[in-house]
Amino acid sequence: MTTSPTTRPPLPVIQLRVPTDEDAHAWHRLFDDADVMEFLGGPAELSAYEEFTARQRMHDARLGHCLWTLLDERGEVVGFTGAQPWPAKHAWGPVGRIEIGWRLGRAAWGKGYAYAAALATVERLREVGVERVCAVIDTGNVRSTAVAERLGMTPGEEFTNPSGRTARCYELTL
């Protein structure tokens with residue numbers, strides 16, 4: 001019996017950019033969805049995204065990386081991807097390490113954007129000299145877990161977040 005190799009569709013064309021003030025509005029619109037925010041505490045107010053995009057611009061200026069706005073082949077915002085330091089203000093998680101992540105609006109799910117974005121993030125991080133990253137993923141989030149595993153990340157320690165949910169820290173040496 002012979003088997004043929006599994007072929008995957010080509011990755012979608014994406015662009016990454018440092019978030020703008022306008023991206024706060026796009027993120028708010030895309031993520032104002034209980035399913036999108038299921039593992040992240042639920043939808044947030046616009047002001048949270050305004051602060052978040054401002055912080056990402058600061059990270060990019062200081063570190064050379066941030067959570068970038070993710071654009072599809074038409075230049076439309078479909079989410080974000082990138083990396084930032086795990087906040088020291090959190091009393092849990094991989095404090096002091098660089099965490100990569102991705103979040104997409106529901107219309108972009110299942111089209112390869114998350115994996116394409118994760119690959120682009122890894123390449124950009126290598127370019128600025130980051131040697132190791134992690135991704136903290138809720139254990140119930142099978143979509144993000146699949147992206148991390150496809151990226152070659154290995155499962156590590158588990159954490160309990162403040163809401164009582166369990167998250168696993170995936171690791172990748174660049």
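User: Is L16 buried or exposed?

Analyst: Begin with the cut-offs. Buried means under 20% relative accessible area, exposed over 50%, and partly exposed in between (1.4 Å probe, protein chains only). L16 has 14% relative accessibility, so L16 counts as buried. The model is predicted: local features need pLDDT of at least 70, side-chain atom pairs count only at pLDDT 80 or more, and totals for chains, interfaces and linings use all residues. Residues are numbered from 1 along each chain as its sequence is written, and side-chain values use heavy atoms, with hydrogens and water left out.

User: Where is L16 placed?

Analyst: Elements come from DSSP: helices are runs of H or I of at least four residues, strands are runs of E of at least two, and both are numbered from the N terminus. L16 sits in strand β1, residues 15–17.

User: Which residues is L16 in contact with?

Analyst: Contact means heavy atoms within 4.5 Å. Setting aside neighbours within four places in sequence, L16 is in contact with W68, T69, L70, T81, A120 and R124. G42 is another matter: L16 and G42 are 26 residues apart in sequence, and their C-alpha atoms are 25 Å apart in space.

User: Now the helices. At what angle do α1 and α2 pack?

Analyst: Axes are lines fitted to C-alpha atoms, for helices over the stretch in contact, and angles run from 0 to 180 degrees between N-to-C directions. Helix α1 covers residues 21–31 and helix α2 covers residues 46–63. They pack at about 130°, with axes 8 Å apart.

User: What is that orientation of α1 and α2 called?

Analyst: Angles under 35 degrees count as roughly parallel, over 145 as roughly antiparallel, 65 to 115 as roughly perpendicular, and the rest as oblique. α1 and α2 are therefore oblique to each other.

User: Is the crossing of α1 and α2 left-handed or right-handed?

Analyst: A crossing is left-handed if the near helix is turned anticlockwise from the far one by less than a right angle, and right-handed if clockwise. The crossing of α1 and α2 is right-handed.

User: Which residues of α1 and α2 meet?

Analyst: From α1 come D21, D23, A24, H25, W27, H28 and F31. From α2 come L46, Y49, E50, F52, T53 and R57. The residues of this contact divide into 6 nonpolar, 3 polar and 4 charged. Here Ala, Val, Leu, Ile, Met, Phe, Trp, Tyr, Cys and Pro count as nonpolar, Asp, Glu, Lys and Arg as charged, and the others, Gly among them, as polar.

User: Take D23 in α1. What does the side chain of D23 make a polar contact with?

Analyst: A polar contact is a pair of N or O atoms within 3.5 Å; within protein, one must be able to donate a hydrogen and the other to accept it, and residues adjacent in sequence count only if both atoms are side-chain atoms. The D23 side chain makes such a contact with the side chain of R17, at 2.5 Å. D23 is buried, with a relative accessible area of 1%. Beyond four places in sequence, D23 is in contact with R17, V18, T53, T69 and V77.

User: And H59: what does H59 touch?

Analyst: H59 is in helix α2. H59 is buried at 7% relative accessible area. Not counting residues up to four places away in sequence, H59 touches G64, H65, C66, Q84 and P85.

User: Where is the place of D72?

Analyst: D72 is in the loop between β2 (67–71) and β3 (77–85). D72 is buried, with a relative accessible area of 2%. The D72 side chain reaches the backbone nitrogen of R74 at 2.9 Å. D72 and Q15 are 57 residues apart along the chain, yet their C-alpha atoms are separated by 6.5 Å. Outside its sequence neighbours within four places, D72 is in contact with V13, Q15, V78 and Y113.

User: How does G75 count in relative accessibility?

Analyst: G75 is also in the loop between β2 and β3. At 34% relative accessibility, G75 counts as partly exposed.
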